[in-house]
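Subject: Structure for you to look at

Dear colleague,

I am handing over the structure below, together with some notes on what was found in it. Please keep it open beside you as you read.

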Amino acid sequence: MSAGEALMPPAGDPAGDETTVPADAGRWGRLRRSPTFLLAASLVALMTAVALLPGLFAGLFGNGDPRECDLARSGMGASAGHPFGFDMQGCDLYANVIHGARASISVGVLVTVASSAVAVVLGTLAGFYGRWLDGILSRLIDVFMGFPFMLGALVVLIAFPSGSIWSVSLTLTLFGWPTLTRLMRSTVLSVRELDYITAGRALGATDLRLMVRHVVPNAVGPLIVLAALTVGTVIVAESALTYLGVGLHAPAISWGLQLSMAQNDFQSHPHLLLYPSLFLSVTVLGFILLGDSLREALDPRSR
């Protein structure tokens, strides 16, 4: 171990004293005892399981095939083996809602992971080095943030229609990374001035080692909180874009598509709108509550 490594504290403890473990234990102990966190974690875990194993959950009632349709059952209400009834094409609505979780949640997670990865790299470099690099990135962020999130995504998807999960995710990432990057940059700016970073430089630690081992772990907390909130925001954005006809296209199955197809018939068949919107709302609520719980746990003022 080098002298620089010996004098630099663990990533989670800028001061380098022995209070790191008790502080972290107290922080996560409060989180585990928080009813809000437990509820949010349960909702997110359940909906993630539904997205990963839609066939298992859809098969709890009937055969669980969302593409088995019969026009003779068009718009029918709930019946044995079909608790949500049927859509206007005579497809089992329960199976479609369950299978719709995969596309909607996949877009939310893909966009958030990609945007967070960009934010960690660019935000760390800009905040750590500053000067011309920070200036260029800040102006680039200003340009992208000059476009409203939904409007920018709407224009791009109209210009390049594809309707796949990957194209929608890429478009939403294009307009989603600036907010996360700006947060990461501002956090790195404060972390880089801490005493142990200065000491590490004086002892010969490389910039890469300082960033990877100490700056990023100490600066990423607020980004994690915002990322949890971003998943819910992206799920809503994908559903809204799909509802407007520029997001996912058939044969994809998503909550946005189900809401779009229900818009002309929901007055006479309210179940077509009720169940997809209920699952969408519960999923988004879970991620929002999770983000709020993480913010309370990671905020030093809440200790």
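Helix H8 has 27 residues, which at 1.5 Å a residue should span 39 Å, and its end C-alpha atoms are 37 Å apart, which agrees; the expected span is 1.5 Å times one less than the number of residues. Helices here are DSSP runs of H or I with at least four residues, numbered from the N terminus. H8 bends by about 35° at Phe175, and Pro178, a proline, follows within four residues; the bend is the angle between axes fitted to the seven residues ending at a residue and the seven starting there.

Please bear in mind that this is a predicted model, in which local features need pLDDT of at least 70 and side-chain atom pairs count only at pLDDT 80 or more, while totals for chains, interfaces and linings use all residues. Residues are numbered from 1 along each chain as its sequence is written, and side-chain values use heavy atoms, with hydrogens and water left out.

How many salt bridges does a search of the whole structure find? The search finds four, where a salt bridge is a side-chain nitrogen of Lys or Arg within 4 Å of a carboxyl oxygen of Asp or Glu. One of them joins Asp134 to Arg185, with the closest N and O atoms 2.5 Å apart. Because Asp134 lies in helix H6 (residues 131–145) and Arg185 in helix H8 (residues 165–191), this pair ties together parts that are 51 residues apart in sequence. Asp134 is buried, at a relative accessible area of 12% (buried means under 20%, exposed over 50%, and partly exposed in between, with a 1.4 Å probe and protein chains only).

Another salt bridge pairs Asp142 with Arg182, the closest N and O atoms being 2.6 Å apart, and it links distant parts of the chain, since Asp142 is in H6 and Arg182 in H8, 40 residues apart. Asp142 is partly exposed, with a relative accessible area of 34%, and Arg182 is partly exposed as well, at 37%.

In helix H13 (residues 271–298), Arg295 and Asp292 are three residues apart and are therefore separated by about one helical turn; their side chains meet in a salt bridge of 2.7 Å, N to O. Both count as partly exposed, Arg295 with a relative accessible area of 43% and Asp292 with 23%. Salt bridges that share partners also join Arg139, Asp142 and Arg182 into one network.

Definitions and conventions. Helices (H or I, at least four residues) and strands (E, at least two) are DSSP runs, numbered from the N terminus.
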